[in-house]
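Hello,

I am passing along the structure we talked about, and it is pasted just below.

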Amino acid sequence: MNLSNNITIITMVTLFLTVPVAYGAGGSCKGKVLNPVTDICWQCMFPVKMGSVSYGNGAEPAPGNITSPVCACPDSKGILILGVSTAFWEHARLIETVKDPFCFPVMGTGMTNPKPGFSSGEIRSKEYGDSDFAFQQAHYFYFPAWSILKLFMDFPCAENRAFDLAYMTEVDPMWNDDSLSFIINPEALLFGNPVSQLACVADSVGATMSYPIDPLFWCMGSWGSFYPLSGSMIENNPFNVNAGLAARMLFKLGRETLLYDTGINQCASAGVVTPILVKSNYRLQIARPVRGNDCIPIGRPSLIWGTAKNPPFGTTNTSPDNFLWSLTRRRVCCVGYALN
C-alpha cells in the first residue's frame with residue numbers, strides 16, 4: 001500500500017471519529033470527550049472504611065459487606081494474606097443511554113448507522129398513543145478511573161484495566177425486542193401484576209431516604225420495574241427512562257454472567273457473579289447532557305437530582321436525551337501482607 005493510500009485512510013478514520021452525525025431519530029449526536037478530572041464526582045468515593053475507622057460522609061454508612069476490621073484471605077497462589085478490611089465506592093464503569101443509535105457521548109461523537117432498521121430512541125406521552133412509552137439504546141464501558149489516571153497504582157484493591165467499550169445494545173436482539181428478552185428473564189411473568197408493583201412504593205421510599213430494598217429485586221423504586229430486560233419502558237419522564245435503562249443494563253449483564261459484584265466478598269477480588277442484581281451496591285452520577293454533583297442510588301426520584309440536567313435543545317457541546325452515567329460500585333477487599 002503506497003503513501004497516498006495511507007494518508008487517505010487516516011483522513012477518513014479521523015473524519016469518522018470527529019464529525020457529529022445526524023440519525024434517523026431526528027436527533028444530532030454531539031458531545032464533548034469526557035474529562036475524568038472535571039466530569040467525575042470524586043466525592044462519591046466516600047465514605048471509605050479501613051478496619052473500624054470511616055472517613056468522609058459521616059452520615060452515610062460505609063459501603064460493603066464487612067463484618068470484621070481484620071481479614072484473612074488467600075491470594076491467587078493460595079498464600080494466606082492477613083490484613084485490614086477495606087471498603088469504598090469505586091469509580092469503575094460508564095453507561096450511555098442514547099436516543100441516537102451508535103452515538104457515544106463519552107467520546108463526543110458517533111458512528112454512521114451501518115444498517116437501516118436499528119431501533120432509534122423514542123419517548124412519547126399518552127396524548128400520542130394508548131400509553132406512555134420510551135426506548136433507548138445503551139452502551140457499557142470499562143472505566144477504572146484510578147487506573148486511567150495512574151493513581152494509587154500500588155493499591156491492591158484498585159482495578160487495573162484500560163478504558164474499553166464492553167457492550168452495545170444496537171447489535172443485541174434481546175434489547176430491541178421485549179419478547180426475545182423473555183429468554184433471559186422468564187420470571188418476569190411473576191411480577192407483572194398490581195400487587196408486585198405496589199411493593200415498589202416501599203423501594204422508592206427506601207431509595208429516597210437511603211438505599212433501595214434489595215429483596216424487592218424486581219423494583220427500581222420511582223424509575224419503574226427492572227422487567228423486561230430490554231430497552232423499552234412504559235414511562236415518559238426522560239430521567240426515569242434513562243436512569244432506569246442504565247440500571248437495567250446492569251441487571252441484564254449480571255443475568256448474562258458478564259457483571260461481577262465487588263461489594264459482596266472481600267476475598268473475591270474480581271467480584272461475584274450476581275444473576276439477581278444487588279441494587280444497593282451501585283450508584284449513578286449523571287455526566288451528560290449536564291454534569292450532576294451527586295451519586296444517586298437506583299430508584300431515587302429524579303425530582304431530587306434531575307433539575308435542568310436535560311435541556312430541551314441540549315447545550316453547546318451536548319444533545320438532549322443522549323445520557324452518560326458514571327457508575328460507582330461498592331468495593332470491599334483485604335489489604336495486608338502475604339504469609340510466606
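Which hand does the link of Cys 71 and Cys 334 have about the S-S bond? The link is right-handed, with 105 degrees left to another pair below and 90 degrees here.

Before the rest, a word on the basis: this is a predicted model, where local features need pLDDT of at least 70, side-chain atom pairs count only at pLDDT 80 or more, and totals for chains, interfaces and linings use all residues. Residues are numbered from 1 along each chain as its sequence is written, and side-chain values use heavy atoms, with hydrogens and water left out.

Back to that pair. The sulfur atoms of Cys 71 and Cys 334 are 2.0 Å apart, forming a disulfide (a pair of cysteine sulfur atoms within 2.5 Å). Strands here are DSSP runs of E with at least two residues, and helices are runs of H or I with at least four, both numbered from the N terminus. Cys 71 is buried at 6% relative accessibility, and Cys 334 is buried at 13%. Buried means under 20% relative accessible area, exposed over 50%, and partly exposed in between, with a 1.4 Å probe and protein chains only.

The structure holds six disulfides, and two others are worth a look.

Cys 44 is joined to Cys 295, with an S to S distance of 2.2 Å. About the S-S bond this link has 105 degrees and is right-handed. Cys 44 lies in the loop between helix 1 (3-18) and strand 1 (48-50), and Cys 295 in the loop between strand 14 (282-288) and strand 15 (296-297), so parts 251 residues apart in sequence are tied together. Cys 44 is buried at 6% and Cys 295 at 11%.

Cys 157 and Cys 333 are also bonded, their sulfur atoms 1.6 Å apart. The torsion about their S-S bond is about 85 degrees, so this disulfide is right-handed. Cys 157 lies in the loop between helix 2 (145-148) and strand 10 (164-168), while Cys 333 is in strand 16, 176 residues away. Cys 157 is buried at 3%, and Cys 333 is buried at 7%.

For the overall pattern, number the bonded cysteines in sequence order: the pairing is 1-5, 2-10, 3-12, 4-9, 6-11, 7-8.

Best wishes
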